[in-house]
Amino acid sequence: METTIQEVNGKLVATLQGEMDTAAAVEVEKALKPLYESEGREIVIDCTRLEYIASSGLRILLSILKKAKTNSNHVVLKNVNEDIKEVFELTGFINIFDFE
């Protein structure tokens, strides 16, 4: 699993590539720590190259969303493929997140 964060036009853009499974969860959470610490920003999580997400990955995204609301941030999930979107639908997370 590869995770990068860049600042683009004032937004924090996190790019997820690979499989966000239980084995990768600790590494991914550590890599995404700047998202937890930002304040008053737009956070875009680009899922173009995300191939799979496990419950541990959903937990990380939910934690980011909760912290974002506390810090006056807005989180958007971008380019989520149909398989992963189905996981969000099955878990009810489709109603919690904003998608682009």
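Guide: What follows goes through the salt bridges of this predicted model pair by pair. The count comes to 3 salt bridges.

Start with Glu7 and Arg41. Their closest N and O atoms are 3.3 Å apart. That is a salt bridge because the cut-off is 4 Å between a side-chain nitrogen of Lys or Arg and a carboxyl oxygen of Asp or Glu. Glu7 sits in strand S1 (residues 2-8), and Arg41 in the loop between helix H2 (33-37) and strand S3 (42-53), so the bridge ties together parts 34 residues apart in sequence. Glu7 is exposed, at 56% relative accessible area. Arg41 is partly exposed, at 22%.

Next, Arg59 and Glu29. Their side chains meet in a salt bridge, at 3.6 Å from N to O. This pair also links distant parts of the chain: Arg59 belongs to helix H3 (residues 55-70) and Glu29 to helix H1 (residues 25-31), 30 residues apart. Arg59 is partly exposed, with 41% relative accessibility. Glu29 is partly exposed too, with a relative accessible area of 27%.

Then Glu37 and Lys33. The closest N and O atoms of this salt bridge are 3.8 Å apart. Here both partners lie in helix H2, 4 residues apart, about one turn of the helix. Glu37 is exposed, at 51% relative accessible area. Lys33 is partly exposed, at 46%.

Glu82, Asp83, Glu86 and Glu89 form a negative surface patch. One of them, Glu86, lies in helix H4 (residues 82-91). Glu86 is partly exposed, with a relative accessible area of 44%.

Key. Residues are numbered from 1 along each chain as its sequence is written. This is a predicted model: local features need pLDDT of at least 70, side-chain atom pairs count only at pLDDT 80 or more; totals for chains, interfaces and linings use all residues. Side-chain values use heavy atoms; hydrogens and water are left out. Patches are made of residues with over 30% relative accessible area and no salt bridge: like charges are joined within 9 Å, nonpolar side chains (Val, Leu, Ile, Met, Phe, Trp, Tyr) within 5 Å. Accessible areas come from the Shrake-Rupley method with a 1.4 Å probe; for residues, only the protein chains shown count as cover. Lys and Arg count as positive and Asp and Glu as negative; His and the chain ends are not counted. The place of a charge is taken as NZ of Lys, CZ of Arg, CG of Asp or CD of Glu. Helices (H or I, at least four residues) and strands (E, at least two) are DSSP runs, numbered from the N terminus. Buried means under 20% relative accessible area, exposed over 50%, partly exposed in between (1.4 Å probe, protein chains only).
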